[in-house]
Amino acid sequence: MNIKEHWDNSYTNKSPQELGWYENVPEPSMGLIRSLKLSPYAEIFSVGTGASTLIEHLLEDGFQNITVNDISSVALDLLRKELGKEECNVEWITDDIVAPTKLKDLTPIDLWHDRAVLHFFTEERDQLAYFNLLKSKVKPKGYVIIATFAKGGAEKCSGLPILQYDQDMIAQRLGFDFELKQALNFTHINPKGEDRPYIYTLFQRR
Ligand SMILES: C[S@@+](CC[C@H](N)C(=O)[O-])C[C@H]1O[C@@H](n2cnc3c(N)ncnc32)[C@H](O)[C@@H]1O
């Protein structure tokens, strides 16, 4: 099974609310995003969004230039249905973030948001591809929010191995051009009631 099929199956076999990463309210992400006081016209790019409730919250906050990505078309179809008529206010890009085709045409962005995606890229070449795309798209003074499983937390997600991060590892990947503005630990409780410690990082491009 290839990786797209893996993710399509995940979103076919369970409802979004049953998935381990489901958040009723994406509080840490929205807290960080609101602290930035971005213009409603800011270009926001959400990586590997899945069926996340983040997008409805961003729309509620009045953001008008949201681009949503995922490798799974099943996930994005679920999210489209959930958003109803609001779906036309969002740009949709089904593509692989580490082997981008359509994503190469993404316009420059003010905010890159990733929760629970980067940590799946355990191979060096995928990590390089991820950060190369990010660096080619985030504007000067633009922001990056990356949330991953934290050190000492879970070792797998969705049955796949993951790489645990701390803020220094993410900072190292981003390089000197990105300044760490905030890092916070947050424990997500999954639908089985288990703790899933995350590290949330916020960077700004110089
Ligand atoms: C654990 S889920 C997190 C979903 C969402 N970010 C959230 O916080 O609810 C990981 C998501 O990344 C997507 N994904 C995995 N590999 C990807 C890739 N190479 N390119 C784009 N999306 C990917 C999956 O389809 C899935 O929706």
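Predicted model: local features only at pLDDT ≥ 70, side-chain atom pairs only at ≥ 80, totals over all residues.
1. **The nonpolar core.** The largest nonpolar core holds 51 residues, and the members that touch the most others are Leu-111, Trp-112, Val-144 and Ile-145. Strand β5, which spans residues 138-149, gives the most to this core, contributing seven residues.

2. **Contacts of Leu-111.** Which residues does Leu-111 touch, if those up to four places away in sequence are not counted? On one stretch of the chain there are Leu-38, Ala-42, Ile-44 and Phe-45; the list also includes Gly-142, Tyr-143 and Ile-145.

3. **Strand β5 and its parallel partner.** Strand β5 is mostly covered, with nine of its 12 residues buried. Strand β4 (residues 109-115) runs parallel to β5, and six bridges join the two. One point of this pairing can be located on the model: Trp-112 has Val-144 in β5 as its bridge partner.

4. **The antiparallel partner of β5.** Strand β5 also pairs with strand β9 (residues 195-205), here in the antiparallel sense and over seven bridges. Within this pairing, Tyr-200 in β9 is the residue opposite Ala-147.

5. **The ligand shell.** How many residues surround the ligand? There are 21, and the closest are Trp-7, Gly-48, Gly-50, Ser-52 and Ile-97. Sorted by class, the shell consists of 11 nonpolar, seven polar and three charged residues. Helix α1 (3-13) and strand β2 (65-70) each supply at least two residues of this shell.

6. **Ile-93: buried, exposed or in between?** Ile-93 belongs to strand β3, residues 90-94. Ile-93 counts as partly exposed because it has 19 C-beta neighbours inside 10 Å, whereas a residue is called buried at 20 or more. Setting aside neighbours within four places in sequence, the contacts of Ile-93 are Thr-67, Asn-69, Lys-102 and Leu-103. For orientation across the model, the C-alpha atoms of Ile-93 and Arg-196 lie 28 Å apart, and the two residues are separated by 103 residues in sequence.

Key
Residues numbered from 1 in each chain as written. Core = buried A, V, L, I, M, F, W, Y, C linked by C-beta atoms within 7 Å. Helix = DSSP H or I, 4+ residues; strand = E, 2+ residues; numbered from the N terminus. Contact = placed C-beta atoms within 7 Å. Near = placed C-beta within 6 Å. Nonpolar A, V, L, I, M, F, W, Y, C, P; charged D, E, K, R; others polar. Pairing = 2+ DSSP bridges.
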